[in-house]
Amino acid sequence: MEQIGRLPDRARSQRLDLDTVLDAAAVGTLATVVDGLPWVVPMLYARDGDRIVLHGSTGAGALRQVAAGAPAAFAVTMLDGIVVADTLFDSSANYRSAVVRGHLTVLDGPDAVQALDLMSDALIPGRTAEVRTHTKKELAATLAMALPIEPGAWTVKLRDAPPAEPSSDTGVWAGVVPLRTVAGAPEPAPWVGAQIPLPESVRRLVEGN
């Protein structure tokens, strides 16, 4: 774990803390420098043991540069609640965040297929068992990558607390407004007939809220 200078009391040093944050989210931001300019893009991902797997189009030049060894950072943030204090200065947010730094490697063959399947099942558990596998054309158009999780190359921070108690009674309400993401009612595509049943994986996803 890297040292955190700002609000170090919110830092977490155990690898389990990092895994818990990474496993709880589905989208992160990949950042690097391309031709001397900053470059960032949000990406779906999944954690696979000691690595983060991602994918994109083989036609994306910046992704090819990252895949070729350019240093990169991957950040994940989840907003868990709005902390409402008696003053604007003391108001805050409850959150979980993680940053992993390193160099990505390109995955190919069975390793790429496994990574792509893992990302699909991380988003909708069990989905890969319900549909066909990837075609050769699809695999050729997809850049699968892995960012290793190495000691000293990651940080985790979180806040999970009410607002600080004021030194005197201000007569102003204070507390936390929790936030969460939930799956809504599935909306079939316009060309899907009413006779086609909802996939089991989608049903479990919705019922798991």
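Predicted model: local features only at pLDDT ≥ 70, side-chain atom pairs only at ≥ 80, totals over all residues.
View 1. Residues are numbered from 1 along each chain as its sequence is written, and side-chain values use heavy atoms, with hydrogens and water left out. Look for Leu79 in strand β4, residues 71-84 (helices, H or I of at least four residues, and strands, E of at least two, are DSSP runs numbered from the N terminus). Together with Ile82, Val177 and Leu179, Leu79 makes a nonpolar surface patch of about 300 Å². Such a patch joins nonpolar side chains (Val, Leu, Ile, Met, Phe, Trp, Tyr) within 5 Å, taking residues with over 30% relative accessible area and no salt bridge (a side-chain nitrogen of Lys or Arg within 4 Å of a carboxyl oxygen of Asp or Glu).

**View 2. Asp35 in the loop between β1 and β2.** Here we meet a residue other than glycine with a positive phi: that of Asp35 is near 55°. The loop that holds Asp35 runs between β1 (27-34) and β2 (37-48). Asp35 counts as exposed because its relative accessibility is 71%.

**View 3. Ser201 and its contacts.** Ser201 belongs to helix α5, which covers residues 200-207. With a relative accessible area of 1%, Ser201 is buried. Setting aside neighbours within four places in sequence, Ser201 touches Ile124, Pro125, Gly126, Arg127 and Glu130 (contact means heavy atoms within 4.5 Å).

**View 4. The whole protein, for orientation.** Now step back from the close-ups. The protein has 5 helices and 9 strands, and their order along the sequence is α-β-β-β-α-β-β-β-α-α-β-β-β-α. Its C-alpha trace spans about 65 × 50 × 30 Å along the principal axes. Of the 209 residues, 30% are buried. Among contacts with a separation of 6 or more, 74% are between residues 24 or more positions apart. Carbon and sulfur atoms account for 58% of the accessible surface of about 12,700 Å², an area from the Shrake-Rupley method with a 1.4 Å probe.

How values were computed:
Buried < 20%, exposed > 50% of the residue type's maximum accessible area, 1.4 Å probe, protein only. Patch = residues over 30% accessible without salt bridge, like charges linked within 9 Å, V, L, I, M, F, W, Y side chains within 5 Å.
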